Amino acid sequence: MWRFMNASVIGTSHQDNQTECQDNHYVEQLYLNKQCYLVAIVADGAGSALKGGQGSALACHAISTYLKKQLAVNNRFNKALIEQALVYARDLIQQQAKANDLSLRDYATTLSGVVVSKQQALCFQIGDGAIVASLQGYQGLVFWPDNGLYANMTYFLTDDDYVQYLNVEVIETALDEVILFSDGLQRLALSLEAKMPFSPFFEPMLKALRQAKPQDCQTLNQHLAQFLASDSVNKRTDDDKTLVLATRKP
């Protein structure tokens, strides 16, 4: 049902500093409990955190693992499902931090994700980055990036008060397409004045994805990574960049 393309690419600022990419993502189509689901997660480790990249990787792994276990026995979409998944992720990150004699904040990461079934969608986000949802040709943001009170500030899954900044939305209808991206693409992917997605950025990629066969998606992933690492993109942003696009349009 779903076709998707996805990539995480290191930013030029991290290349210059000889640091690793802090972004991670997960996307998969699942068949559980006699239902089909799309699960997609994007996590952006804080550049100021000692292990931000590991934090984002652990968050993607833990949340996807928890969601798969729960959806296999229960198809209810609600805020409690996400709250429990985040507790599971924080516990896993805390174990890793303790093993390395570090603190939870050393693994700071933002987070955004979607779970889409045939009838519903469950969206969640902490911090910046964004989720775009499309239904019957209408494309809109689920949450505006939460950048905090000051420039270069945001909120993280690893914050003590993370629940205060958790956004969850249950959409009681089937979505045709979803897009997730980290804050490294906000200048290109959003119309900041209108507070809307900048559709011309996405449309060429979505067009290619709609026309692709499932076996073509791996090649599209390679092309997407090349585009995100191109000079035309790097002139607009020096941050790590993650983009996930998924469609079930015929």
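Across which strands does helix α3 lie, and at about what angle does it run to β5? In this predicted model, helix α3, formed by residues 79-99, lies across β4, β5 and β8, and its direction is at about 45 degrees to β5.

The strands concerned belong to an open sheet of five strands, arranged in the order β2-β3-β4-β5-β8 with antiparallel pairing. The edges of the sheet are formed by β2 (23-32) and β8 (167-171), each of which pairs on one side only. On average, neighbouring strands of this sheet are turned by 10 degrees against each other, direction ignored. Within the sheet, β3 (residues 35-44) and β4 (residues 111-116) run antiparallel and are joined by five bridges. Ile41 is placed opposite Gly113 in β4.

A further helix, α2 (residues 52-71), lies across β2, β3, β4 and β5 (121-126) and runs at about 10 degrees to β2.

Two packed helices are described by the angle between their axes and the distance between the axes. For α2 and α3, the axes come within 8 Å and cross at roughly 135 degrees. Because angles over 145 degrees would count as roughly antiparallel and 65 to 115 as roughly perpendicular, α2 is oblique to α3. The crossing of α2 past α3 is right-handed. Residues of α2 in the contact include Gly55, Leu58, Ala59, Ala62 and Tyr66, while those of α3 include Leu81, Ala85, Tyr88, Leu92 and Gln96. The residues of this contact between α2 and α3 comprise 14 nonpolar, six polar and one charged.

Note on methods. Residues are numbered from 1 along each chain as its sequence is written. This is a predicted model: local features need pLDDT of at least 70, side-chain atom pairs count only at pLDDT 80 or more; totals for chains, interfaces and linings use all residues. Side-chain values use heavy atoms; hydrogens and water are left out. Two strands pair if DSSP finds at least two bridges between them. Helices (H or I, at least four residues) and strands (E, at least two) are DSSP runs, numbered from the N terminus. Axes are lines fitted to C-alpha atoms, for helices over the stretch in contact, and angles run from 0 to 180 degrees between N-to-C directions. Contact means heavy atoms within 4.5 Å. Angles under 35 degrees count as roughly parallel, over 145 as roughly antiparallel, 65 to 115 as roughly perpendicular and the rest as oblique. A crossing is left-handed if the near helix is turned anticlockwise from the far one by less than a right angle, and right-handed if clockwise. Ala, Val, Leu, Ile, Met, Phe, Trp, Tyr, Cys and Pro count as nonpolar, Asp, Glu, Lys and Arg as charged, and the others, Gly among them, as polar.
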